[in-house]
Amino acid sequence: MNNLKITSLLLFSILLLCSCSEDEPFVSQMSSFNYSLHNGQTVPSAPYGGVHPADFEAVLTISENEDGTSDVTVELMNTIIGATYHLHAHDAADPSTTPNGTPYNETPNSNLLAQMVEGNGSTVTVTQSTNISYTDITSNYEGFFVVHDPLQVISTTDISTYLVVGSFARNGGSTSLSSSTFNYDFNTGQLVPDFAYTGSHPNNLEAAIQVDELADNRSRVTVRLMNTLDGEMYHIHAHDSADPASTPNGTPYIESPNGDVFASMLEGNGGMAGAAMISTLSYDMILNNYDGFFVVHDPLQAIDTTNPTTYIILGLFAR
């Protein structure tokens, strides 16, 4: 083979290699991470303590761009219509170095994620571009993904106000903890005919108890009242069952509310209003072992724990 042929073959090979290299398309890397309502998965001592519906979920997606930047996309499911959700990335930090002992910097990392989006009753999406690479976010960045409760004032120090808090762009933000809801009609004597409500409160009021299992063997109890009176204060209690022969006034319950299960109040707004608390009893204990009554006192009468006819809601607790 002469030198001309050898040279031609070499040139052809080089051109072929260059052509293949130039034609190879960019393939973007993409990863998604799921987060459910914070029931103590990340911080067991501070589960979410508000009244936002518990079917809320979030998906965080990191997409690689050809220029080395990334897109951070957040999808929020089961949002509240008109409510504004604030979404943040917070850099991890030594709690001994932060003003309030938080395990993160309280100022969001706006270069990575600091957005807000309005709920629509279903799924909403927001995207932010960042100059941080896909690899750095998914492999090297240490921080938290936070969704603030739109029904409370924003606090970057009170973790119990976070709908979602979990490691940023890491797995582990979703769990399969249990939740149950129980509905109650206006007290017309369904439970005990002699205890039917007597008073002037409209009888279209309804109630629901939602019990959510928490990671540390406690539970969150949420009470929602529908068709409330605007500006009126509703007192809501759990009362332990008791032998009427053993109580001062012959009631089939202990007259003092059980604050370890539920004892709270809420102000009516003309529609649906809610109140929540963290119970020391486990989810299983409340649903299967606790024996008590669910009581909503008439806001138009003086509270009387000895007279069940002043109760606008009366039923077995979480049954």
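**Exercise 1.** In this predicted model, determine which residue of E13 Ile 236 stands opposite, and describe how strands E12 and E13 pair.

*Solution.*
Step 1. Opposite Ile 236 one finds Ser 264, a residue of E13.
Step 2. Strand E12 comprises residues 233-240, and strand E13 comprises residues 263-267.
Step 3. The two strands pair in the antiparallel sense, over 5 bridges.

**Exercise 2.** State how many bridges join E12 to strand E15, and identify the residue of E15 that His 237 stands opposite.

*Solution.*
Step 1. Strand E15 covers residues 292-297.
Step 2. E12 and E15 run antiparallel and are joined by 5 bridges.
Step 3. The residue of E15 opposite His 237 is Val 295.

**Exercise 3.** Count the aromatic pairs whose ring centres lie within 6.5 Å, and classify the pair formed by Tyr 104 and Phe 144.

*Solution.*
Step 1. The count comes to 12 aromatic pairs.
Step 2. For Tyr 104 and Phe 144, the distance is 6.0 Å centre to centre, with 70° between the planes.
Step 3. Planes over 60 degrees apart count as edge-to-face, so the pair of Tyr 104 and Phe 144 is edge-to-face.
Step 4. This pair links distant parts of the chain, 40 residues apart. Tyr 104 lies in the loop between strand E4 (84-91) and strand E5 (114-118), whereas Phe 144 lies in strand E7 (residues 143-148).

**Exercise 4.** Decide whether Tyr 104 is buried or exposed, and likewise Phe 144.

*Solution.*
Step 1. Buried means under 20% relative accessible area.
Step 2. Tyr 104 has 2% relative accessibility and therefore counts as buried.
Step 3. Phe 144 has 14% relative accessibility, so Phe 144 counts as buried.

Technical notes: Residues numbered from 1 in each chain as written. Predicted model: local features only at pLDDT ≥ 70, side-chain atom pairs only at ≥ 80, totals over all residues. Heavy atoms only, no water. Phe/Tyr/Trp six-rings, centres within 6.5 Å; stacked < 30°, edge-to-face > 60°. Helix = DSSP H or I, 4+ residues; strand = E, 2+ residues; numbered from the N terminus. Buried < 20%, exposed > 50% of the residue type's maximum accessible area, 1.4 Å probe, protein only. Pairing = 2+ DSSP bridges.
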